[in-house]
Amino acid sequence: MSGGLFDIPSDLQNTYWGLVGMHLRLALVPVVGGLLLALPISQLCVLMRWLYPPVLWVTTILYAIPSLAFFVVLIDYTGQSELTVMIPLGIYSLVVFVPAIVDGVRSVPQETLDAATAMGLGPVRRYFQVQLPIAAPAIIAGLRVATVSSISLVSVGMLIGNQGGLGNLLNDGMIYHQPRLVWLSVIGTAVLAILADAFLVLVRVLVTPWMPRGNRKPRPVDEPEPEPRPEPAAAALEDSVR
């Protein structure tokens, strides 16, 4: 190992940027999988309200299980592989996604659903074209929390054979007494989390154009009142049926 800033020990069998790519893969694939799993579960909780408390209870219990315990259980089936790291992270994301989606879908006004039904939208089209778009701010808020949490938790994978992305640098930094490797791991993970969160904020701005941005200039006293704008739910409904 030479003295370059991004030179890393040869036992990791990877470059620094290769570890960055591994870290993103290990963090984002479980988040996407958790979101896809949470969508049908959340819809069932919306349709059957009695189901929501036990589902929330189960996801909370699963979230409380330490990741290392998950690794011990899974390693006999999936080995020291990336899948062993991804499965717990996907399960952990459910505790964020399920409440976010359920609360977002339940926040859709009943009159909006009635209007969608009157316009000929069936339950499936109403869910995907009306309820999910209106619930998008709550869902993306949950996605931001799940993504940042997943990026931070990936480093625990260093305990099962260098499957922790940038966390592998943290492990080697402590083994070889190299503070530079520790800082590369910590700062790199923090930067990835910040960039991912900023990207999701941009996504929210793009997919929810009706949401207030918080940067409106104060209106002069002598300026006439603007025409009333349609409610967000009404605007989303109009866009969905066009």
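Helix axes here are lines fitted to C-alpha atoms over the stretch in contact, with angles running from 0 to 180 degrees between N-to-C directions. Helices themselves are DSSP runs (H or I, at least four residues), numbered from the N terminus. This is a predicted model, where local features need pLDDT of at least 70 and side-chain atom pairs count only at pLDDT 80 or more, while totals for chains, interfaces and linings use all residues. Residues are numbered from 1 along each chain as its sequence is written, and side-chain values use heavy atoms, leaving out hydrogens and water.

Start by selecting helix 2 (residues 52-64) and helix 4: their axes come within 7 Å and cross at roughly 150°. That makes the two helices roughly antiparallel (over 145 degrees). Now show side chains in contact (heavy atoms within 4.5 Å). On helix 2 you'll find Tyr52, Val55 and Leu56, among others, and on helix 4 the set includes Ile91, Tyr92 and Leu94. By class, this contact has 12 nonpolar, 2 polar and 2 charged residues.

Arg25 sits in helix 1 (residues 16-47), so the pair ties together parts 57 residues apart in sequence.

Next, jump to Asp197 and Arg144, another salt bridge, with the closest N and O atoms 2.7 Å apart. Asp197 is in helix 9 (residues 179-207) and Arg144 in helix 7 (residues 136-153). The salt bridge count comes to 2.

Note on methods: Salt bridge = Lys/Arg side-chain N within 4 Å of Asp/Glu carboxyl O. Parallel < 35°, antiparallel > 145°, perpendicular 65-115°, else oblique. Nonpolar A, V, L, I, M, F, W, Y, C, P; charged D, E, K, R; others polar.
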